[in-house]
Amino acid sequence: MALVVLLVACAVFALVLQSQRETGSEARHRVIAVATTFAHSPGVVAALGTPDPTKVLQPAAEAGRKSAGVDFIVVLNTHGIRYTHPLPDLIGKPFVGNIGPSLAGKVYTESVNGPLGREVQAIAPVKNTDGKVIGLVAAGMKVAKVTGQVDRQLPIILGAGAGALALATAGTALVGRRLQRQTHSLAPDEMTRMYNHHDAVLHSVREGVLIVDDDGRLLLANDEARRLLELPQDVEGRRVPELSGLEPGMVRLLVSGREATDEVHFAGDRLLVVNQRPTDRGGGPKGTVVTLRDSTELQAVSGRAQVVSERLKLLYDAGVGIGTTLDVRRTAEELARVAVPRFADFVSVDLADAVLHGEEPATTATDLRRIALCGIRDDPPLYDKGRLITFPPYTPQARGYASGRAELLADLSVTTAWHVQEAERAKEILDFGFHSLIVAPIRARGVLLGMASFWRCDRRAAFDQEELALAEELVARAAVNIDNARRYTREHALAVTLQRSLLPRALPEQNALVVGYRYLPAQSGVSGDWFDVTPLSGSRVALAVGDVVGHGLHAAATMGRLRTAVHNFSALDLSPDELLSHLDDLVGRIDQDETSMERDAGVVGATCLYAIYDPVTRRCVMARAGHLAPALIHPDGSVTFPDLPAGPPLGLGGMPFQTAELDLAEGTQLVLYTDGLIEERTRDLDVGMEMLRQALAGHPDRPPDESCQAVLEALLPSRPRDDVALLIARTQALPSDRIADWDVPLDPAAVARMRSAVSGKLDEWGLSDLGFTMELVLSELLTNAIRYGSAPLRVRLIYDRMLICEVADGSSTSPHLRYAATTDEGGRGLFLVSQVADRWGTRYMPQGKVIWAELALPKVIDAP
């Protein structure tokens, strides 16, 4: 602290002296400049030549004095008599000062006691054009004024000195405290003892320590580092690249200065673990500290542990990556991919061909199909993927399949039996580089499914007994998944077969609609979606689409029962709302039966849409039970969704169903579908319906079958999550010249007239061969209607794929077939109709009923 105070005091004293010196020098320079400038000012020489120089020069001298900031400017002659002075009383009196040097032509400065006190003045000569001194100019300042400037600077200098003293004092205190913390307030002898201990520990630890500066010079090396790196005693102070015996990798690391964590480097026959850290993290000098640890003995143990860890990781990855799907082929490929190249260079998986179809495999290595082949190259001399293989008895695969045990061939070149029997193929395999093989049977639940072959080639080490056990474990894990996939394939095939047997295999022939359809089973299995096309009387056609909630055999079986019920109800010519009501009662009874048989059985849920299209009137009547509304593709290409009353889902009971009637122009397409087409987890129902509308719009002339395919491509992924049933039907109208209508009075005499009219129409259509039969049918139906029915009475004849006769009346009385006895006089009318007609029946209308009969056309006549 005393040293700091002394230094600050000296600095203040030096600043004061410097300030005084600079202030005096500045004053002299100023008076010289003022005197010289005034002596050379224009008009001074001329004024000195006038009779009264004072009159001219006094005002100019005073003005110059004030502007220059000096205390006086005095003009005098060569004899030293003043012409000007700030004190007018001194004008004409002798000048106080030495004018000799100035008369000689020099500028002279001096300090004198003048009239104003102690003064600093400069005297400059005034010369004429000939260079002769004709006068003098003196300018000066009072010394007191110069000293005052120094005094004004003195507080600043003293303040700066005080600030410097305070900062130095604070810095000294901080440094002292930091040193105390760093040394823990140790005394010098204690510090010496501590450093002695530090050196003892540094050179006795079993870990090498090096300190290298920023230039790559070795500053410190403890005894262990010298031993591990075989360094000489005089190594400290030498640059690392100059040291002999160090491995190039070690030299590059030591001079790089980068951080290193547990890097492994060789030092002769030793394996060293090296850590390197910079030394300037705490503000110290740049360099690095390096620690070395001998890990030669631990390397063998750690290598073994690493091998075990890798094998466990392989088994873990196999458990996660094999069996992600219930697909036999995909599971076999996953087994091959998980083993290459971590365990083997090539892996082939061969399964019994029956396994691919979900069946039980044979007991011999025949008819094995190569399902998966994976390797590090694409050209191995192995059987191609997909090939059906029969392994001869002498091959490792056949022996392993027969014994059910894995087999290791550590050296393929010594497998003599294989070489003799199949020399050409054995040569190709050996020439390719294969040298070791493991074959492991794929066995699960006591069933042998196939074989897995693991191959190694090139410079990779041969398989050993431990790896044989690893291969068995790997294949065992895959075998369970393959068997699960096999069982699923079998069950799925059975379920799909059942479902497809319940769906229509082919659509019936009819002229009212051109129909296209698609059915896609769900990704997870079968479901309860279904559709149907059913011809009705009078050339009408019924369309039905339904969906049973759930998946599996139960849903498929329920769907079959509902489809059968719809067929039966359709045969009764029921209206859509009546049919759905009967279907609703059936679903309710199914729920009751299953609930009583199985306590945990869920309630069957189902939806259905049923529509009937009449090509004669071009009218479509439809009703739905909780199903999605159909779409209509109009002849102009626009698409709409008709406002059809929704109705409750089937099975709820107690609520009526409502029908909607639509008049459809010829060429209109009716689109019926299930919810699997438009519903998706990632999108709303409205989005799906809009996508359906866009896929259908703008293609009015596209065939329905092509429209079905276009819709599936636009709305569905490759494998949908839910079943999809899609039905698109283009309407057709029956030509008017193929229809004949008559209003008939309730008079038995009208029967003869109608027979004549119908006979004439049949002659016009070229169906004279059916005249007698049709007259018989018409007579019986019309007589029955006149006798038992009520007005109005109407007869319609339709020429379609069948010749259809319809008799309508206003009565709802239901006719029924009787079998009259031999003695009965009547009761044989409908019996005769049933015998000569192909089909006959009754359907009810809101006002009355229609009794109809169909006759097959002659074979020589093609149906329209």
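Two strands are taken to pair if DSSP finds at least two bridges between them. Helices (H or I, at least four residues) and strands (E, at least two) are DSSP runs, numbered from the N terminus.

## Basis of the report

The model is predicted: local features need pLDDT of at least 70, side-chain atom pairs count only at pLDDT 80 or more, and totals for chains, interfaces and linings use all residues. Residues are numbered from 1 along each chain as its sequence is written, and side-chain values use heavy atoms, with hydrogens and water left out.

## Sheet β6-β5-β9-β8-β7

Five strands in the order β6-β5-β9-β8-β7 form an open sheet with antiparallel pairing. Because β6 (218-221) and β7 (260-267) each have a single partner strand, one side of each is left without a neighbour in the sheet. From one strand to the next, the twist averages 25°.

Three bridges link β5 (residues 208-213) to β6 in the antiparallel sense; L210 has A221 in β6 as its bridge partner. Helix α8 (residues 248-256) packs on this sheet and touches β5, β7, β8 (270-278) and β9 (287-294), where contact means heavy atoms within 4.5 Å. The direction of α8 makes about 10° with that of β8; axes are lines fitted to C-alpha atoms, for helices over the stretch in contact, and angles run from 0 to 180 degrees between N-to-C directions.

## Sheet β17-β18-β19-β20-β23

A further open sheet of five strands has the order β17-β18-β19-β20-β23, again with antiparallel pairing. At its edges, β17 (527-535) and β23 (660-663) each pair on one side only.

Strands β17 and β18 (residues 541-551) run antiparallel and are joined by nine bridges; A544 in β18 is the bridge partner of D532. Helix α16 (residues 553-571) packs on the sheet, touching β17, β18 and β19 (606-614), and its direction makes about 20° with that of β17.
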